[in-house]
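Thanks, everyone. Please have the sequence and the structure open while I talk.

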Amino acid sequence: MILESHTTQPTPTVEASGSGAPVLLNDLVRQFGATRALDGFSLTIAPGEFVALLGPSGCGKTTALRVLAGFEQPDSGSVHVHGRDVSGVPAQRRDMGMVFQSYSLFPNMSARDNVAFGLQLRRQRTSVRRARAGELLELVGLSEHASKYPHQLSGGQQQRVALARALAIEPQVLLLDEPLSALDAKVRAELRDQIRALQQRLAITTLFVTHDQEEALSMADRVCVMSRGRAEQVAEPSVLYAKPATAFVAEFVGVSSRVPVTRLKDGVQLFGARAKIRGDVESLAGSDIDALLRPEDVSAKVANNGLGIVNHRSFLGATTRLGVGVGGVSVKVDVRSSDAELFELGTRVDLALSSRDVLVTERKKDA
Amino acid sequence: MASVVADNIVDFELPMVPLDLTKRRRIHWGRGLILWLAAAYFIIPIYAALKFSLQDISGKFSLSPITAIPSQPGLAAAFFLSMRLAFVTLAIVLFLMVPTMIYVHMKMPRFRRFMEVVTILPIVIPPIVLILGVLEAAPLWLKSSPYLLSLVYVVLAMPFVYRSLDSGLGALDVKTLVEAARSLGSGWISTIWRVLVPNLRSALLSATVLTLALVLGEFTMASLDLWETLPVWIVDFDQTNAHISTAVAMLSLLGTWALLTLIVSIDRSNSRRRRRNRAS
Amino acid sequence: MKIPSPLSDGTSTPSGADDKDRGGRHITGTLVRSLRTSVPVLPFLAYITLGLLVPTLVIINLAFRSDSGALTLSNISTIVHGGEYLTGFENSIKLALATSVIPAVLGTMLAYAIAQSRFEFLKRLVATASGVLANFGGVNLAFMFVATFGANAIVTSWLARLGLNPWSHGFDLYKLWGVAFVYFYFQVPLMVLIITPALNGLRPAWREAAENLGASRWRYWRHVGVPVLMPSVLGSTFLLFGSGLSAYATTEALTGGTIAITPIQIGAYLQGNVISGEEHIGYALGFGMIVLLLISILGYVLLRARSSKWLQ
């Protein structure tokens, strides 16, 4: 049994559609008035892969999804599914299932009828429709709510029905437009797992749009971080976190601190020691640079004549996050909570880099 | 994970139907037709009546109907009677509804539902029926005064006033404002006057304008109660010159129109402001 | 444990087991407290009672009384058994039907055409205009139409120049269908006003979800759009029916009381045109109108409840 269900019936037999299709978004450009929502955006999705589009609001992620769905036409660029160019195909013929952010269930139909709607359009017999709708509702754990109307269902339940409805037509691609944003935290966490489990079982190519990095990192096979209509980096979550390709990604994904550093012959000067630079920085030659540090990459040691002062503490559970003021900036440092009592506010500490190298970027100019 | 592979093509038939542009254009055309026909139906009478008001008896353009207005017998009296009735109605309805609604919003929120239902009732008992009952039930001393009409107009105005005040109060957090004021030492009357009323300015303005428009245009009850208010005058007036009565009617219309446009635009700029405040 | 709700909402939820023995007194205490809280709304209630309830009860009472004061059904039977009063009701209902169903359809089409428009300016203009026009009516409207379509009026003379004369073809502004034509002037804007929020309540997500699942425009409307809108449209039609039924001023000003509909007949009654033996007929007429209006208001309320559930 994959999903929670209030009945103890055997696992429902929904055959894996197995038709996860490869998707290619090629150099999409879309301009709305003065804003470029998509600025040469490209992305490939392998069959059955779950890709998350992650970025701040306005970065173009929803636009990209809607172009794929067929609700927006790009000014230039193309969309390919299964190797075929579908740019000219209207939305209703693209055979993709979409789950919207909220309130997309048809209010005049019960949950069952909502799920069966796609099949009704394809003129399937009533008995077939009902059976399949029943299976899908079982799959999302809502069989006993099948006759309820959307206004009688909670937000989480509605989104589960929406998911069942999208899956009913056995689409090649599943599109999700921030489906969890309108739900509260607990429901969000549960649904996250359920969606991912379902997707893996059915092996459907999936594109999932979100602004919540926790969602993206925990659910996706690969994450595409977007900013201003372009893809900043596409990689597996662990790679994205550990090896951010740009400053934007480093600061958007996970927590980081910015520290101005001075260049040395083969590295930078950081916390009184020399540190190696990660990656290729030819482009930054000649400009001032900052280092981007993760809290877990910095260690703190109490020292009477230390250069840093603890000016902030946050208890996070297993770790405690310190804010250490040094050289005019505040650096976030994670320490084990069992050691936290050593680092009261005002304690003088010395900081050291505990990772092998450090990510640098152009110095941020004060606005 | 591999990137996209061309050799993964399953023989999938996607009917390549291009976007149906011809259908779109046809619909636009139909929509335009509806809008133009509607515009004609609504605008032509206004234009025609205005033109008619500016013609003398022979049909030529003339300002004489307008200039003749002030000298028409009974018009001034009728106009001022209407105004007096309007202000008395306004005073009563505001004095009755404002404190009641403030109280209900603060202490009896469930009563709002009842009030909503009650204020729909005047649809079930329209003026023509209401006056039937009022004339029978009212005592003689009341019937001999025109202000009986004011008293009844209050009932007619209630739905509008209720709706305005309800939305105005709903936008404020009445309970919190009142508690804040009272904790700072303000008495009840001072609280209502200095804290609530200024925040209800546009709701009150709406309510006022709607009440005025209602009273100034009310014909049914006034004519059957035999009082010569402005609308009654317009109908009763001996029309040797239809142009003059039409001119008065059009002036009255334009006046009401201006008033109503005023509220609708206030109301909309308010909801825009409210939306902006909520968004920030 | 239940937390008692604050006194501020006029009631108090009895708390747990401790109050079981004080049960009886507690209930009376609650009652007294809620009565006390209700005191400030008494002026409002009194006014409604005197201003609305009493006249209505008077009408209902007198509808069933003869001139001598005895209870009787003769007033009602006079109406029901044919003659001018029955004709009056028939005409009123015909008029109300025509001026509710047709404006409902036209108004919805108009509202839809506007909602689809790209011009923000048009939408705002129409919103203002509908608000104003829906409150038009009465004397001024009648005069406006006489000046436009009357025998010697502007449009009539335009048409005369083109050789057309609608009057000679049966058009009569002062008969039932002429009056209906005038009623459209406020009924259609009223419909636009009521139905526009419902149209705006049609979420684009529904349209897109339907499209995404493979529906064409037509199928979306058939399966989702029309069913969702139908309660609103029907409910509004009921409202328009009530409005068309009770209009008096427009018709009186237009026809001078020469048309046989119930409101006019009530007016005539009040102006003293009473036949002996039918002294209370006017009240029976009023009672009949109240019944019809109650039905239409009921229809409106029920349908509105249904539509608001769906169009949250």
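I'll begin with chain C. Of its 312 residues, 43% count as buried. This is a predicted model, so please keep that in mind throughout. Chain C has 13 helices and 0 strands. Read along the sequence, the pattern is α-α-α-α-α-α-α-α-α-α-α-α-α. Take the contacts in chain C with a separation of 6 or more: 72% of them come from residues 24 or more positions apart.

Now the partner of chain C. How many residues of chain B are in contact with chain C? The count is 59 residues of chain B, against 56 residues of chain C. On the chain B side, helix α1, residues 21-53, gives the most, with 12 residues. By class, that side of chain B has 46 nonpolar, 9 polar and 4 charged residues.

Staying in chain B, look at one residue, B:M250. Where is it? B:M250 is found in helix α13 of chain B, residues 242-279. Is B:M250 buried or exposed? B:M250 is buried, because 24 other C-beta atoms lie within 10 Å; the cut-off for buried is 20 or more. What does B:M250 touch, leaving out residues up to four places away in sequence? The answer is B:A49, B:L50 and B:S53. A related pair is B:M250 and B:F52, which are 198 residues apart along the chain. Their C-alpha atoms are separated by 9.8 Å.

One more helix in chain B. Helix α7 covers residues 147-171, which is 25 residues. At 1.5 Å a residue, α7(B) should span 36 Å. The end C-alpha atoms of α7(B) are 34 Å apart, which agrees. There is still a bend to point out. A kink of about 50 degrees lies at B:A157 in α7(B). That position is shortly before the proline B:P159.

On to chain A. Chain A has 8 helices and 20 strands. Of its 367 residues, 45% count as buried. The C-alpha atoms of chain A fill a box of roughly 80 × 50 × 35 Å, taken along the principal axes. For contacts in chain A with a separation of 6 or more, residues 24 or more positions apart account for 69%.

Before the sheets, one reminder. Strands of a sheet pair through backbone hydrogen bonds, either parallel or antiparallel.

Here is a sheet of 4 strands. It is open, its order is β2-β1-β4-β5 in chain A, and its pairing is antiparallel. Which strands stand at the edges? They are β2, residues 35-45, and β5, residues 84-85, of chain A. Each has a single partner strand, so one side of each is left without a neighbour in the sheet. Inside this sheet, 8 bridges join β1(A), residues 23-32, to β2(A), and the two run antiparallel. As a landmark, A:Q31 has A:R36 in β2(A) as its bridge partner. A helix belongs in this view too. Helix α1 of chain A, residues 61-69, lies across β1, β2 and β4 of chain A, with β4 covering 76-81. The helix runs at about 120 degrees to β1(A).

Next, a sheet of 6 strands. This one is open as well, with the order β6-β7-β8-β3-β9-β10 in chain A. Its pairing is mixed. The edge strands are β6, 96-99, and β10, 230-235, of chain A, and each pairs on one side only. Neighbouring strands of this sheet are turned by 20 degrees against each other on average, direction ignored.

Last stop: strand β11 of chain A, residues 257-264. What does β11(A) pair with? One partner is β14(A), residues 289-293, joined by 5 bridges and running antiparallel. In that pair, A:V259 stands opposite A:A291 in β14(A). Another partner is β12(A), residues 267-270, joined to β11(A) by 3 bridges, again antiparallel. Here A:R263 stands opposite A:V268 in β12(A). β11(A) and β12(A) form a hairpin, with 2 residues between them.

To recap the two chain types I counted: chain C has 13 helices and 0 strands, while chain A has 8 helices and 20 strands. Questions, please.

Notes. Residues numbered from 1 in each chain as written. Chains lettered and ligands numbered in written order. Predicted model: local features only at pLDDT ≥ 70, side-chain atom pairs only at ≥ 80, totals over all residues. Buried ≥ 20, exposed ≤ 12 C-beta atoms within 10 Å, placed from the backbone. Contact = placed C-beta atoms within 7 Å. Nonpolar A, V, L, I, M, F, W, Y, C, P; charged D, E, K, R; others polar. Pairing = 2+ DSSP bridges. Axes fitted to C-alpha atoms, helices over the stretch in contact; angles between N-to-C directions. Expected span 1.5 Å × (residues − 1). Bend = angle between axes of the 7 residues up to and from the residue.
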